[in-house]
There are 2 protein chains.
Amino acid sequence: MNVATDGTAQGRWIIFSRGPEHSLTLHLSAFVRLASADREILTQALQRRVRILEPRQDIIREGERPRFVNVILEGWAQRYKQLADGRRQILSFFIAGDLCDANIFILKQMDHSLSTVTRVKLAEISQSEFQEIMERSPRIAQALWWNELVTVAIQREWTTNIGQRTAYERIAHLFCEMFVRLRTTGRTDDDECEFPLTQSEIAEATGLTQVHVNRTIQEMRRDQLIELRNKRLKVFDLDRLMSVALFNPNYLHLDHEGLA
Amino acid sequence: MNVATDGTAQGRWIIFSRGPEHSLTLHLSAFVRLASADREILTQALQRRVRILEPRQDIIREGERPRFVNVILEGWAQRYKQLADGRRQILSFFIAGDLCDANIFILKQMDHSLSTVTRVKLAEISQSEFQEIMERSPRIAQALWWNELVTVAIQREWTTNIGQRTAYERIAHLFCEMFVRLRTTGRTDDDECEFPLTQSEIAEATGLTQVHVNRTIQEMRRDQLIELRNKRLKVFDLDRLMSVALFNPNYLHLDHEGLA
DNA sequence: TCGCTACATTCACATGCGTTAATCCTGAGT
DNA sequence: ACTCAGGATTAACGCATGTGAATGTAGCGA
C-alpha cells in the first residue's frame, strides 16, 4: 500500500508506506512537517526489529518491564487492564501507524497490557535507539510530545464516553472514532472500513455486556445508521452517526500544521 | 508548610515549600533526583506569574487556545468535559504540586476545561519559559515525560474505574487514589485528609448520580469504611478500603529512583 | 459431509442505578 | 439567635442494562 502525502490522508498517526522495493518508509508527517533527514531516521528505526504476531496475542503484560517502544505497522492492537477478579476493560485501540508508548522505559513496569486484535506487524524500538532519535531530531521529539498529548486526550474522551453516554451513544462514538482515525490514515473505502472487533470486545471497550451490545447494534441497524458484518463497518451517514454519538473530533487534534 | 525530602513524602507531584523567607522553592523531586541548579530553574519559573482563584471558577475552557502550563501551588483543581447537551464528566483532580499540562501549547485548542474546586493558588509558565526550562535541563525534561506518562496512566485507571467497577467500588477507588496521592505529598494527617468535593462532584467524577453517591456513601459509613464530613475524609482501614476498591497503586508509578 | 469452534442472537428475568422532587441539615453571615 | 443557601438526605418509582443460559450460524479442517 501507498500513503498519505495529501491533506486528507495525513494524521496524528505515523504512517508508513512500502516503496516499490518493499522497504518501509516512515512518515511521522503527523503534526509537524519532517525534513527528509527526519524521515530517514525513522525509516531506519522501524526496520531494525520487526515482528509479526497472531490475533489475540499479548504483546506485553501488566507488571512486566517495558523494553521497547512498539509501532504498529499493520493490523489492530489494543491496550487493556484487568481487575484482580478478572473483569477486563479495553482502554484503546491502535491501528497501523500508531506508536504505542513513547518513552515507556521511564516506567519500571507496565500498569496495563498490550495485545493484538488481528494479526499484527510491529516494529520494536529499543531504549537506546529511541533516545538517539530524540536527540538527533528535535522535530521528531516534539512530534512525539504531540502524539502523547493526543493519546491522553483520547483516553479522556473514553472516560467521558463510558461515564456519560448511553449504550447506544457509546457504541456509536466508538464507531465514529475508529472510522475517522482510519479515514485520516487513508484506510477507509468510501463509507466503509475494516472493523475486526467482536461484539465481546466492543463490550469490553464500552463497559457494557456482550448481550447488550448485540441488542444495541441491532437497534442501530434498524435505524439505518450502520451495517456491520464480516469485520467490516459501513456508515450510511457519518454526520448523523456523529450527531447521535455527540461526537466532537476536536480531541483528535487533527488541526495541525502537517495538514494542508 | 514544609516539605518532602524523605522517601515518604516524595512523589510524582512537584512539591514546593515555603522557606523561612516565605519564598517558593520547587522540588521536582519526582522521579529523578534534581540537581540544585534544576531546582533553581523551577523555583524561578514558579515565581514569575502567580494567581489566586476562587472556588468553582474556570481556569481555561474547552475551545480556548492554551497559553500557559499551570502548576497548582495550593488547593484542588479539576479537569472536566461537557457534552453538547450539558452532561458533564470530571476527568481528574489536581492537588498542590501537580503540573497541569506540560507542553500543552503544542495543541491549537483545549479539548476539555480546567477549573478550581477550592480556592487555588497557581503558577503560570509561558511557552517560551517552558521551552527554555526543557532546553536548560534534560533532567527536568525527562521528569516532565515521566509526569505525562503517569497522567495518562491515571486517566486509564479512571476509564477502568467507570467501565468495570460498581458504584461502591468506584467511590472507594476515588477515595483511595486521592488519599494515597495526598499522603505521598505529605498532606494527610494520620488516617485523615482534606476532601473538598461535594457529592455532586463525586458523582460527576464517577459517572453516577448525586442521589446514588449519597446512598452509597451512607452504605460505606455503615460498613465502618470511612467517615466523610466537613470536607474531611477519614479512612479507618486503608488496606480494607483498597481491597474493596480493587485498588492497585501501581498505576501511580511511585516506585521511582527519587524514592529512598 | 460431519462436526468443531467462535461468534452472534434470543429469551426470561433480575437489579443497580437513574429520575424527580420533597425535605432536612449545617455553617456562614447579619 | 435568625435567616439563607448550598449541600445532604430521603422516598417512590421506572428503566437501562446485567445475568444466565439456550439456540442459531458460518467458516473451516478432517
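User: Is B:Asp190 buried or exposed?
Analyst: B:Asp190 counts as exposed, because its relative accessibility is 68%. Here buried means under 20% relative accessible area, exposed means over 50%, and partly exposed lies in between (1.4 Å probe, protein chains only). Please note that this is a predicted model, in which local features need pLDDT of at least 70, side-chain atom pairs count only at pLDDT 80 or more, and totals for chains, interfaces and linings use all residues. Residues are numbered from 1 along each chain as its sequence is written, chains are lettered from A and ligands numbered from 1 in the order in which they are written, and side-chain values use heavy atoms, with hydrogens and water left out.

User: Where is B:Asp190 found?
Analyst: B:Asp190 sits in the loop between strand 10 (188–189) and strand 11 (192–194) of chain B. Helices (H or I, at least four residues) and strands (E, at least two) are DSSP runs, numbered from the N terminus.

User: What is phi of B:Asp190 near?
Analyst: The phi of B:Asp190 is near 60 degrees, a positive value in a residue other than glycine. Most residues other than glycine have a negative phi. B:His253 also has a positive phi, near 50 degrees, and is a residue other than glycine.

User: And B:His253, buried or exposed?
Analyst: B:His253 is buried, with a relative accessible area of 2%. B:His253 lies in the segment after helix 7 (238–245) of chain B.

User: Let us change topic. Which residues does B:Ala45 touch?
Analyst: Leaving out residues up to four places away in sequence, B:Ala45 touches B:Glu124, B:Ile125 and B:Ile133. Contact means heavy atoms within 4.5 Å. B:Ala45 lies in helix 1 (residues 36–48) of chain B and counts as buried because its relative accessibility is 3%. The C-alpha atoms of B:Ala45 and B:Met134 are 12 Å apart, although 89 residues separate the two along the chain.

User: Now chain A as a whole. How many helices and strands does it have?
Analyst: Chain A has 7 helices and 13 strands. Of its 260 residues, 60% count as buried. Among contacts in chain A between residues at least 6 apart in sequence, 69% join residues at least 24 apart.

User: How many residues of chain B are in contact with chain A?
Analyst: In chain B, 54 residues are in contact with 54 residues of chain A. The area buried between the two chains is about 4,700 Å², and carbon and sulfur atoms give 60% of that area. Buried area is the accessible area (1.4 Å probe) that two parts lose on being put together, summed over both.

User: Which residues of chain B lose the most area to chain A?
Analyst: They are B:Trp145, B:Arg156 and B:Gln164, which together account for 17% of what the chain B side buries.

User: On to the DNA. Which residues come nearest to DNA strand C?
Analyst: There are 17 residues around DNA strand C, and A:Gln199, A:Gln210, A:Asn214, A:Gln218 and B:Arg215 come nearest. A residue is near a strand if one of its heavy atoms lies within 4 Å of it. Of the atoms of DNA strand C that come within 4 Å of the protein, sugar and phosphate account for 62%.

User: Which helix gives the most to the surface near DNA strand D?
Analyst: Helix 6 of chain B gives the most, with 6 residues.
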